[in-house]
Amino acid sequence: SEILGSLAFLRTLCKEPDAVEWRRRMEAILETEGSTPGRRERLAGAYNKGYRGFALTYRTCTPNAHAAVARYVREGESLSRTLAGRFGG
């Protein structure tokens, strides 16, 4: 969730065409994984933490912002593979 929040902010900041997709993915996670109010709150909190963390740091799209996006995409892909391997999917 935190990675999705980070990507949502950075991709919007850099005016990338897929910017809205990261928020949509988070909404899908909340629908499928937010089975209890507490779980939903933790997921949303992590998303907001990622979003706000970069909002405090970046005001314009920079080469470092692009590098952070690449890093988070790699990390997200790795987490997805690990989770799919461990829990199926």
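**Exercise 1. Work out how exposed Glu16 is, and which side chain Glu16 pairs with in a salt bridge.**

Step 1. Start with the surface. Glu16 has a relative accessibility of 23% in this predicted model. Buried would need a value under 20% and exposed one over 50%, so Glu16 lands in the partly exposed class.

Step 2. Now look for a partner. The Glu16 side chain meets that of Arg11 in a salt bridge, with 3.8 Å from N to O. The cut-off here is 4 Å.

Step 3. Check the other end. Arg11 comes out at 16% relative accessible area, so Arg11 counts as buried.

Step 4. Keep going from Arg11. Asp18 also forms a salt bridge with Arg11, at 2.9 Å from N to O. Asp18 is partly exposed, at 25%.

Step 5. As background, side chains of opposite charge can pair when their charged atoms come close.

**Exercise 2. Find the salt bridge that Arg23 makes, and say how many salt bridges the whole structure has.**

Step 1. Glu27 turns up, with an N to O distance of 3.5 Å.

Step 2. Ask where the two sit. Both belong to helix α2 and are four residues apart, so about one helical turn separates Arg23 from Glu27.

Step 3. Arg23 has a relative accessible area of 48%, and Glu27 has 40%. Arg23 is therefore partly exposed, and Glu27 also falls in the partly exposed class.

Step 4. Run the search over the whole structure, and the tally is six salt bridges.

**Exercise 3. Locate the disulfide and explain which parts of the chain the bond ties together.**

Step 1. Count first. The sulfur-sulfur rule gives one disulfide.

Step 2. Identify the pair: Cys14 is joined to Cys61, with 1.9 Å from S to S. That is inside the 2.5 Å cut-off.

Step 3. Get the handedness. The torsion about the S-S bond is 95 degrees, and the link between Cys14 and Cys61 is right-handed.

Step 4. Cys14 is in the loop between α1 (2–13) and α2 (19–33), while Cys61 is in the loop between α3 (37–57) and α4 (63–87), so the bond ties together parts that are 47 residues apart in sequence.

Step 5. Cys14 is buried at 13%, whereas Cys61 is partly exposed at 31%.

**Exercise 4. Describe how α1 packs against α4 and against α3.**

Step 1. Begin with α4. The α1 and α4 axes come within 10 Å and cross at roughly 150 degrees. The two helices are therefore roughly antiparallel, and their crossing is left-handed.

Step 2. List some contacts. The α1 side of this pair includes Ile3, Leu7 and Arg11, and the α4 side includes Ala65, Tyr72 and Leu79.

Step 3. Move on to α3. Here the axes of α1 and α3 are 6 Å apart, and the angle is about 40 degrees. That makes α1 oblique to α3, with a right-handed crossing.

Step 4. List contacts again. Among the α1 residues that meet α3 are Leu4, Ala8 and Phe9, and among their α3 counterparts are Ala46, Tyr47 and Ala55.

**Exercise 5. Is Ser6 buried or exposed, and which residues does Ser6 touch?**

Step 1. Look at the accessible area. Ser6 has a relative value of 1%, so Ser6 is buried.

Step 2. Collect the contacts, leaving out residues up to four places away in sequence. Ser6 touches Gly50, Tyr51, Phe54 and Tyr72.

Step 3. Sort these by helix. Gly50, Tyr51 and Phe54 are among the α3 residues in the α1–α3 packing, and Tyr72 is one of the α4 residues in the α1–α4 packing. Ser6 itself is listed on the α1 side facing α4 and on the α1 side facing α3.

Methods: Residues are numbered from 1 along each chain as its sequence is written. This is a predicted model: local features need pLDDT of at least 70, side-chain atom pairs count only at pLDDT 80 or more; totals for chains, interfaces and linings use all residues. Side-chain values use heavy atoms; hydrogens and water are left out. Buried means under 20% relative accessible area, exposed over 50%, partly exposed in between (1.4 Å probe, protein chains only). Contact means heavy atoms within 4.5 Å. Axes are lines fitted to C-alpha atoms, for helices over the stretch in contact, and angles run from 0 to 180 degrees between N-to-C directions. Angles under 35 degrees count as roughly parallel, over 145 as roughly antiparallel, 65 to 115 as roughly perpendicular and the rest as oblique. A crossing is left-handed if the near helix is turned anticlockwise from the far one by less than a right angle, and right-handed if clockwise.
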